[in-house]
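Student: I have a protein model open and would like to read it carefully with you, beginning with the whole chain and ending with single residues.

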Amino acid sequence: MSAGTPIPAPGLPPFYGSPALLRFPDHRLIGLRDGVDFGFARTATAIPLVASEFVHIQRSYPIVFATDEGAAPLAVTGLTAGQNLFVRAEGGWTEGDYVPSYVRRYPFIGMTPGEGEAILLGVDLAAPHVTNDAVRDGARPLFAEDGKATEVATAAIAFCEAYAVEHERTRAFAAALESENLLTGREARVTLPDGTEKLIQGFRLVDEAAFRALSGPTLQTFHANGWTDLIVLHLASQQAWRGLVARAFPAA
């Protein structure tokens, strides 16, 4: 999006600077610090989504689709490059607003050594949450002394596994949208309190007319997979652009 998204290192997903597959004993002292805030997401103007989140996301965030291959769905979190209106100055997420699972998963990430192999736990070694000496820093260790995963690591891999399942479901949904030519480039014109307009470009939306024209086996497939529900939630979320303006200019 031209409004700006955080740029990770080449080939890496947003937020992740140095992801590594956790191995014992190589990472036996790795730990997770408590009390780390959402400052790492402060400059994220758009955040990746999975399908199961649409029902929660649409209440606060416009849902759009990326213009690149894969058409990943994104939650728009700001109107200006480098701006996330949902991260407070002290680092907390705005109260009452859903925190995307992509954000909650960090600094962990699921990794697969090869196609079809089980998901293993990775972590961003560059994250502020992570310490390379849990004992010294009073952090929660990821490995027990015998090399087994602690409760922290076990919960993290379970989260990553569930996320991976939803990610695949979301990829199938986005692929179907592209296959049926339902996505079209759009721009958002938001009116600011002073009466001027701000133009936000570089994303795609579902073409509502094309969606309404679906029929026969195609419509049946979309309905059976729950994709029609996702499209409706996506379209409804466009009302959230007004909410972004209100957040950006609270005193207006």
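The conversation that follows concerns a predicted model and takes up its overall form before two of its residues.

Student: How many helices and strands does the protein have?
Tutor: The chain of this predicted model has 252 residues, and 44% of them are buried. Its secondary structure comes to 8 helices and 11 strands.

Student: What radius of gyration does the protein have, and what would a compact globule have?
Tutor: The C-alpha atoms fill a box of roughly 60 × 50 × 30 Å along the principal axes. For 252 residues, a compact globule would have a radius of gyration near 18 Å, and the value for the protein agrees with this, being 20 Å.

Student: What share of the contacts with a separation of 6 or more comes from residues 24 or more positions apart?
Tutor: Contact here means heavy atoms within 4.5 Å. Among the contacts in the protein with a separation of 6 or more, the share from residues 24 or more positions apart is 70%.

Student: How many positive and negative side chains are there, and how far apart are the centres of the two sets?
Tutor: The protein exposes about 12,800 Å², of which carbon and sulfur atoms supply 51%. As for charge, there are 20 positive and 28 negative side chains, and the centres of these two sets are separated by 4 Å.

Student: Is I157 buried or exposed?
Tutor: I157 belongs to helix α4, which covers residues 151–179. Leaving aside neighbours within four places in sequence, I157 is in contact with I119, L120 and L121. Buried means under 20% relative accessible area, and because I157 has a value of 18%, the residue counts as buried.

Student: What distance separates the C-alpha atoms of I157 and N181?
Tutor: These two residues, I157 and N181, are 24 residues apart along the chain. The separation between their C-alpha atoms is 36 Å.

Student: Which side chain makes a polar contact with the side chain of T131?
Tutor: T131 is placed in strand β8, residues 130–131, and is buried, with a relative accessible area of 1%. Its side chain reaches the backbone nitrogen of D133 at 3.1 Å. The side-chain partner of T131, in a polar contact of 2.4 Å, is D137.

Student: Which residues is T131 in contact with, leaving aside its neighbours within four places in sequence?
Tutor: D137, whose side chain makes a polar contact with that of T131, is one of the residues in this set.

Definitions and conventions:
Residues numbered from 1 in each chain as written. Predicted model: local features only at pLDDT ≥ 70, side-chain atom pairs only at ≥ 80, totals over all residues. Heavy atoms only, no water. Helix = DSSP H or I, 4+ residues; strand = E, 2+ residues; numbered from the N terminus. Rg over C-alpha atoms; globule rule 2.2 N^0.38 Å. Buried < 20%, exposed > 50% of the residue type's maximum accessible area, 1.4 Å probe, protein only. Areas by Shrake-Rupley, 256 points an atom, 1.4 Å probe, with all protein chains shown as cover. Lys, Arg positive; Asp, Glu negative; His and termini not counted. Charge placed at Lys NZ, Arg CZ, Asp CG, Glu CD. Polar contact = N/O pair within 3.5 Å; in protein donor to acceptor, adjacent residues only side chain to side chain.
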